[in-house]
Amino acid sequence: MFRDVFVRYRHKEKLKNKNYKLLERFYASLYLIRRTEEEIIRVYPTDKIKSPVHLSIGQEAVSAGVCAALNGRDVVFGTYRGHAMYLARGGSLKMMIAELYGKAAGCAGGRGGSMHLIDIGNMVMGTSAIVGTTIPISAGYAYGLKYRGSDSAVVSFFGDGAVDEGAFHEAMNFAALKKLPMLFVCENNLYAIHSHHLSRHHSDNICERAAVYGMPAQRIGDDIFSIYNTAKRLLKGVRSGRGPAFIECITCRWKEHVGPGDDFYLGYREKKEVRQAMKRDQLLEVRRLLGASAAGKIEKKIDGEIREAFEFAERSPFPAQEELYANVFKE
């Protein structure tokens with residue numbers, strides 16, 4: 001595995017190439033997501049951000065690991081907790097923050113907010129506030145790619161709550177039937193809002209549900225190296241025409257379901273769950289492997305980009321009043 005190779009040879013010449021560059025990419029992606037969301041937390045109480053926010057803190061490794069395994073033509077679809085996916089795939093940071101501010105320069109023109117992120121130029125095809133809705137849409141996109149003879153793949157990110165939706169099963173069946181070039185990624189943080197998945201499901205068998213549709217399915221944790229290696233291996237089969245594959249990543253969101261705070265007072269989970277997850281923090285793990293000097297250079301660059309993005313959002317104008325009537329069906 002990549003991690004083992006890196007630990008064994010980290011000071012040798014052979015790692016001053018591909019593997020080291022990948023480690024730098026991991027860290028840049030993890031750090032960008034974490035620091036962007038920490039800045040969102042800082043700004044949120046001022047009410048400058050005009051949108052509710054579903055933060056990805058604690059779940060960054062899923063998006064960072066999967067997106068590192070993609071090629072330049074692969075596309076992604078996501079959920080309302082989509083900051084991590086959007087940024088890991090290369091979505092414009094300035095346009096994302098402007099969208100949170102409700103500004104005209106936002107990626108959805110200031111209309112959608114945090115839950116509706118899109119950057120087609122960077123292969124982010126959209127996120128949705130409605131649970132599970134992008135799963136069948138991503139299957140349709142994959143069908144189009146196959147019809148055109150493209151060698152690109154589609155990755156559909158969703159949470160454990162989405163597997164309760166009929167659209168999830170319909171899309172899985174259709175993707176398997178048509179051998180679509182898709183990778184389904186379930187970010188299982190164990191809770192749909194405040195409801196534990198075992199209070200909603202008879203068995204702990206999300207991964208098995210995918211397997212019965214005849215596709216390779218694997219359950220892993222939120223270790224970024226495992227996620228990357230698994231995604232890369234499964235995507236090889238997807239690209240070869242074998243049809244879709246499925247990954248279930250067991251992860252943990254550190255913050256409340258929606259908003260910048262904690263919600264342990266609600267009693268649906270205990271602090272020790274999050275404390276245990278924090279011990280596995282992939283940001284700190286990758287930083288340790290990379291080294292303080294190399295990590296510091298990445299941090300300085302990204303800190304500057306985040307500062308510029310928030311300044312851009314602050315000075316950007318709100319949409320003009322006539323925009324209220326744009327893109328609206330009438331008569």
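I count Ala, Val, Leu, Ile, Met, Phe, Trp, Tyr, Cys and Pro as nonpolar, Asp, Glu, Lys and Arg as charged, and the others, Gly among them, as polar.

The model is predicted: local features need pLDDT of at least 70, side-chain atom pairs count only at pLDDT 80 or more, and totals for chains, interfaces and linings use all residues. Residues are numbered from 1 along each chain as its sequence is written, and side-chain values use heavy atoms, with hydrogens and water left out.

**Cavity.** I searched a 1 Å grid over the protein atoms alone for cavities, sets of points where a 1.4 Å probe fits but cannot get out. I found one of 30 Å³ or more. The largest cavity holds about 90 Å³, a volume being the space filled by probe spheres set on points joined across faces, edges and corners. Lining residues have an atom within 4 Å of a point. Here they include R34, E60, D222, R280 and D281. α2 (18-43), α3 (60-68) and α12 (282-290) each give two or more residues; helices are DSSP runs of H or I, at least four residues, and strands of E, at least two, numbered from the N terminus. I sorted the lining into five nonpolar, two polar and five charged residues.

**Pocket.** I then looked up the largest pocket, an open set with protein on both sides within 12 Å along at least five of seven lines. About 310 Å³ of space lies in it. Of its 23 lining residues, T79, Y80, G159, D160 and G161 are closest to the centre. β3 (154-159) and β5 (191-192) each supply at least two lining residues. The lining divides into eight nonpolar, 11 polar and four charged.
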